[in-house]
Each structure stands twice: as C-alpha cells, then as structure tokens.
Amino acid sequence: MINNVELLNENYTPANLFTQFFVIGGVYFLGPDIMSRNFISKDEHTAKNSARISGIVLLIFSLVITLVGMWIRFNVTPEELGGSGALMYAVSLLPKALGILLLFGLLSAILSSTDTCLINASTIFVKDILKKESVSLVRITVLAIGGLSLLLAVLGRGDIMSLLTGAYSIYTPGVIFPLMIAIFAHGRGGVRIPVWMAAVISGGVCGLAGTYFSKILTSIGIPDIVMNYLTLIGMGASLILSIASVRFGKTTKKEM
C-alpha cells in the first residue's frame, strides 16, 4: 500500500498542497478555536499545556483518520463504497452504538467550531466596532450572523467541508499574519492601524476573489497561475503589509 501512496498527482497539484497547508493549517495556528481557549485559560502555564496536549491529540486523530481513508482507498471498490463517503463507510463497519457515538462526536466538533466563530465574531463586532458593553446586543448579533450564515449555507453549493474551506480561504489570508504580527508587536510599539487594516483587507479580498469570483476573474484575462495561488498571494500581501505596519518604541494608548 505504501508504494501506491502519492503526495501529488494530476488531481492534487502543488497548488492544492500549498494552499491546504497554509490555508487550513493557518486556522489551527491562530484560529478562533485556539484563541478563545487561550483567553479562558486561568494562566499562561495552563494555556501552554492545553495547546500542547490538544496539538498532540489532533495529530494522533488526524493520523488515524488518514490511515482509515488510505485503507478504504485500497481495499474498497467504488461499487462497494456507493454514494457514501469514506468516513460514512467506515462508520457503517462499526457496531451501531459505536457508529452513532462517533457521528455525535464529529457533529459536536463541528458545532463547537461553529459556535466559537459566531460568539467571537459577535463579541468583536459589539465591543470593538460598536464600542458597546452589552450581552443582549451580543446575543442579537449572534442570531443575526447565525441567520446570515445559515442562509449562505442553504443557498451555497457543496458539502460542509467545501463550505468550511471557502470560509478558511477568506479568514486565513486576512487574519492569520496580521494577528500574529499584532501579537508580537504588542508592548513593543504596536502597529500603525491604517497599514495594519490594509493588510487585513488585502488578504481577505484576495481570498474572497479566489474562492468565489475565480470564473469572473479568469474570464477577464487573469492568468490561471495567478488564480491558482491567489489565496497564497493574499497571505503574502497581508504578511508584508503587517510587517510594514509595526511601530518601534513604546506603545501609546492610541496604538494597538
């Protein structure tokens, strides 16, 4: 089976590999799940231990899932697999009670990420943009953003993974590097807000364009090589602008 393992092929190109590594991997580096867990930790030691343990668990879990998929790929024919995905086929092989437990576990993981994103986005909107200290307003914003997200999911095409990947393609280039640089710059001079915001916008726009407007951009003459790496180009632009936004010296109250 090892001899048949391919890192790259005609259906999974270097562009797919690099995009998945940085776009999906970036969410695990500085995503809303990780940040929210760090914020609720009682101290720095707890936050570091939690990140270390969760990283090890995720690595083991991802390895198991990959090995299961590889086993199905080389031992199950397309006719046997039918219309179900590899994961659902694996669930069908388990005892019914264990299969149901696994499905609920996967559902809880998805819902956990979803509610974290909703609460974080709503809190940021109310506290940082509206400058309000209102739990009720946060709850209303959660309902509004949740309703909009549901509408986009219902009207969109694809499964949960394609929808998540699309969201990550916008979030990662627009947030990961600017947030990382802002964290490093905190207490060391902060950042220039206009330049830092330009980093967020440029990365997010590139991710949005590459994910949802690729056909339009291709039709007006944008080369395929640019379109294939547009999300990564956005990450590069956000990194360069984020570094350019760093101030040197002591942080003032008006600086980030």
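Helices here are DSSP runs of H or I with at least four residues, numbered from the N terminus. In that numbering, K131 sits in the loop between α6 and α7 (135-155). The model is predicted.

## Overall fold

The secondary structure comes to 12 helices and 0 strands. Along the sequence, the pattern of the chain reads α-α-α-α-α-α-α-α-α-α-α-α. Taken along the principal axes, the C-alpha atoms fill a box of roughly 65 × 50 × 35 Å. The chain has 256 residues, of which 23% count as buried. Among contacts in the chain with a separation of 6 or more, 69% are accounted for by residues 24 or more positions apart.

## Helix packing

Two packed helices are described by the angle between their axes and the distance between the axes. Two such pairs are set out below.

| Helix pair | Residues | Angle | Axis distance |
|---|---|---|---|
| α3 and α5 | 44-75 and 86-93 | about 90 degrees | 10 Å |
| α9 and α12 | 193-212 and 230-244 | about 180 degrees | 8 Å |

How are α3 and α5 oriented to each other? Their angle is about 90 degrees, and angles of 65 to 115 degrees count as roughly perpendicular, so α3 and α5 are roughly perpendicular to each other. On the α3 side the contact is made by V68, W71 and I72, and on the α5 side by A86, Y89, A90 and L93. By class, the residues of this contact of α3 with α5 divide into 7 nonpolar, no polar and no charged.

For α9 and α12 the angle is about 180 degrees. Angles over 145 degrees count as roughly antiparallel, and α9 and α12 are therefore roughly antiparallel to each other. Helix α9 contributes V195, A198, A199, S202, G203, C206, G207, A209 and G210 to the contact, while α12 contributes L230, T231, G234, A237, S238, L241, S242 and A244. The contact of α9 with α12 has 9 nonpolar, 8 polar and no charged residues.

## Residues of α12

T231 and S242 are both among the α12 residues in that contact. T231 lies in helix α12. Its relative accessibility is 9%, and T231 counts as buried because buried means under 20%. Not counting residues up to four places away in sequence, T231 touches V23, S169, P173 and G207. G207 is one of the α9 residues in the contact with α12.

S242 also has its place in helix α12. At 0% relative accessibility, S242 is buried. With residues up to four places away in sequence not counted, S242 touches F177, P178, I181 and A199. A199 belongs to the α9 side of the contact with α12.

S122 is found in helix α6 (residues 96-129). Is S122 buried or exposed? S122 has a relative accessible area of 0% and is buried. Leaving aside neighbours within four places in sequence, S122 is in contact with V138, T141, V142 and I145. G26 is 96 residues from S122 along the chain, and the C-alpha atoms of the two are separated by 22 Å.

K131, in the loop between α6 and α7, has a positive phi of about 60 degrees although it is not a glycine. At 64% relative accessibility, K131 counts as exposed because the cut-off for exposed is over 50%.

N38 is found in helix α2 (residues 32-40). N38 counts as partly exposed, at 30% relative accessibility. The C-alpha atoms of N38 and K48 are separated by 8.3 Å, with the two residues 10 apart along the chain.

A pair of aromatic rings is described by the distance of the centres and the angle of the planes. How many aromatic pairs are counted? With ring centres required to lie within 6.5 Å, the count comes to 1 aromatic pair. F21 and F22 form this pair, at 5.2 Å centre to centre and 85 degrees between the planes, and the pair is edge-to-face. F21 is exposed, with a relative accessible area of 58%, whereas F22 is partly exposed at 34%.

Key. Residues numbered from 1 in each chain as written. Predicted model: local features only at pLDDT ≥ 70, side-chain atom pairs only at ≥ 80, totals over all residues. Heavy atoms only, no water. Phe/Tyr/Trp six-rings, centres within 6.5 Å; stacked < 30°, edge-to-face > 60°. Buried < 20%, exposed > 50% of the residue type's maximum accessible area, 1.4 Å probe, protein only. Axes fitted to C-alpha atoms, helices over the stretch in contact; angles between N-to-C directions. Helix = DSSP H or I, 4+ residues; strand = E, 2+ residues; numbered from the N terminus. Parallel < 35°, antiparallel > 145°, perpendicular 65-115°, else oblique. Contact = heavy atoms within 4.5 Å. Nonpolar A, V, L, I, M, F, W, Y, C, P; charged D, E, K, R; others polar.
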